[in-house]
Amino acid sequence: MAETYNISDEMIAKYLEGNATESEREMIRAYIETHPDEMAWLCVAAQEVAYQEQLQDGKSGVYHKSLMNKEQIDDDLRYSIAGHGKMSFAAQDDDDNSCAIKAQQLILGDYGIFVSTSELTRVAQQNGWYIEQKGSPFDFIGELLNFYNIPAVQMRNANVYHLMHELSQGHKIIVGVDHQDLRQNRQWQEFDDKMFGKEANHVLLVAGIQTNADGTAQITISDPSEPDNPKVISMQQFLSAWEDSGYFMVATTQPAPLEHNPSMQYFDYEQGHLQHFANVAYSEIVKRLAQDGYLNKNDRKKYRRVIFICIISAIFIACLGISCLLFFSPFNMSVNLNEDPDYQIPELPLHTGTLSITYGNSNTMNFEVSKNQNHFVVPDIPHKFKEQKAHLHFEAAGFVPIDTFVSIGKSIDIRYRHDNRLSKIFGFVIDSRDGRCLDNVTIKVQNLTATTDKSGRFLIEIPFSQQKPEQQASAYKDGYTLWLGTYEPSETEPWQIVLEPK
């Protein structure tokens, strides 16, 4: 076959290594286009040689049997041979299939939420966002961020301007890629895509984009498995790897806080975006996205994961009937709503709240939530909705609202927490005689102290464990009578303390 078309094994090897001449490359590209089956067989044969060499070296082979019998090679086996299993999971071609969890863990850390990998894996497994030994389905990447109240959205068919738009707003980005495309040269990528199609198996964090004077661009990426070793790659190499995921992207919708991101010290939080990014004005980025029809839309596309498998081959009619009955029986979904112990305020328990769960676009259940009623059951869910997403919304006075999507299953655990409105006590101290502001006045609330400045103003930050609906305070300054009082903490109303001279 190789002699008929003047294609030799040596020529193929040179092509895959990037050492072929231009005429040889053109010949092999044309050969791939017109003879894909024969080219696939050459690839399989080359892998057989590698396998035999591994056996001679005494190493454990990556293939469990000889592959030289062409008649035994079908499409699925060829995908398996080449390491391209048809999966829509973020799982590298090594033993680590937690790249999506680690990527979300890094982003949570950027927002001041530090959770162990094991805890994130437990939450993801419980909600169906992670499947052991397979990885994280792309449809659910970002749900861990939403679970911990860091809003994030997914997008397919994104482009570089989307990356620039999100990065210029201080948002964090995860993209899906074909991990092999980041390792291979251009010839290997072309061969890989033509023979085995485009598919993604890994996620990366996009940290930045830089444009050069010659018009080229480079992307700064961070691999979740090597977070302290960011890499800069060419735009062409990045786009080749990103394309295989259908240009999949997850982006947060809030800028990362400065206290956890020193690099954001020049970011204008009030304005909400950088004036220029990668030498492009922000207005031009927005204009480009608007021209392409991506902006000024009120509704966001919702992507729902639909996995419904019905492969039942009946041997006996009775067995088929029993299997169908068990497989399609409706089921109940148990929802447990509990307060996060790390954010509890004992003096302010939850009195009443509302919980709504919607699935299938029109099936909605509403529940009243109280301190003693936090377990709910959504009954008789048709089996066709299992593993799909349900919209969950929780709201209660004094607590952070929850608005997220969860994977429908038999049991779901949701944690809510107090908002932070009782965390500040601020105000000013004046002299009762003439109303002038007093500096160096010591204000004490519990074991927390503050001293007034030259304008007589003070501020005390109260941690969650010490927050109360009312706080007793004292104020003291030499030459004045000790002041004692009780106030309600407020983010908007200042305290006014009046000291009497002795």
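**A strand residue and its surroundings**

Modeller: Leaving out the neighbours within four places in sequence, S334 is in contact with H375, F376, K410, S411 and I412. This is a predicted model, and within it S334 has its place in strand β11, which covers residues 331-339. The relative accessibility of S334 is 15%, so S334 counts as buried, the cut-off being under 20%.

A396 is found in strand β15, made up of residues 389-396, and A396 is buried, with a relative accessible area of 9%. Not counting residues up to four places away in sequence, A396 touches L350, T352 and G353. For another distance from this residue, the C-alpha atoms of A396 and E368 are separated by 10.0 Å, while the two residues are 28 apart along the chain.

The strand that holds A396 has pairings with β12 and with β16. Strand β12, residues 353-359, is joined to β15 by six bridges, and the two run antiparallel; within this pairing, T354 has E395 of β15 as its bridge partner. Six bridges also join β15 to strand β16, residues 402-407, and these two strands again run antiparallel, with A390 standing opposite V406 in β16. The hairpin of β15 and β16 has five residues between the strands, and in this hairpin G398 takes a positive phi near 85°. In general terms, strands of a sheet pair through backbone hydrogen bonds, either parallel or antiparallel.

Two packed helices are described by the angle between their axes and the distance between the axes. Helix α8, residues 160-168, and helix α11, residues 282-291, pack at an angle of about 135°, and their axes lie 10 Å apart. That angle makes α8 oblique to α11, and α8 passes α11 in a left-handed crossing. On the side of α8, the residues that meet α11 are Y161, H162, M164, H165 and S168, and their counterparts in α11 are Y282, I285, V286, R288 and L289.

Another helix pair can be described in the same terms. Helix α5, residues 99-110, and helix α6, residues 117-127, pack at an angle of about 115°, with their axes 10 Å apart, and here α5 passes α6 in a right-handed crossing. In this contact I101, Q105 and L108 of α5 meet T117, L120, T121 and A124 of α6, and the residues involved divide into four nonpolar, three polar and no charged.

Technical notes
Residues numbered from 1 in each chain as written. Predicted model: local features only at pLDDT ≥ 70, side-chain atom pairs only at ≥ 80, totals over all residues. Heavy atoms only, no water. Axes fitted to C-alpha atoms, helices over the stretch in contact; angles between N-to-C directions. Helix = DSSP H or I, 4+ residues; strand = E, 2+ residues; numbered from the N terminus. Parallel < 35°, antiparallel > 145°, perpendicular 65-115°, else oblique. Left-handed = near helix turned anticlockwise from the far one by under 90°. Contact = heavy atoms within 4.5 Å. Buried < 20%, exposed > 50% of the residue type's maximum accessible area, 1.4 Å probe, protein only. Nonpolar A, V, L, I, M, F, W, Y, C, P; charged D, E, K, R; others polar. Pairing = 2+ DSSP bridges.
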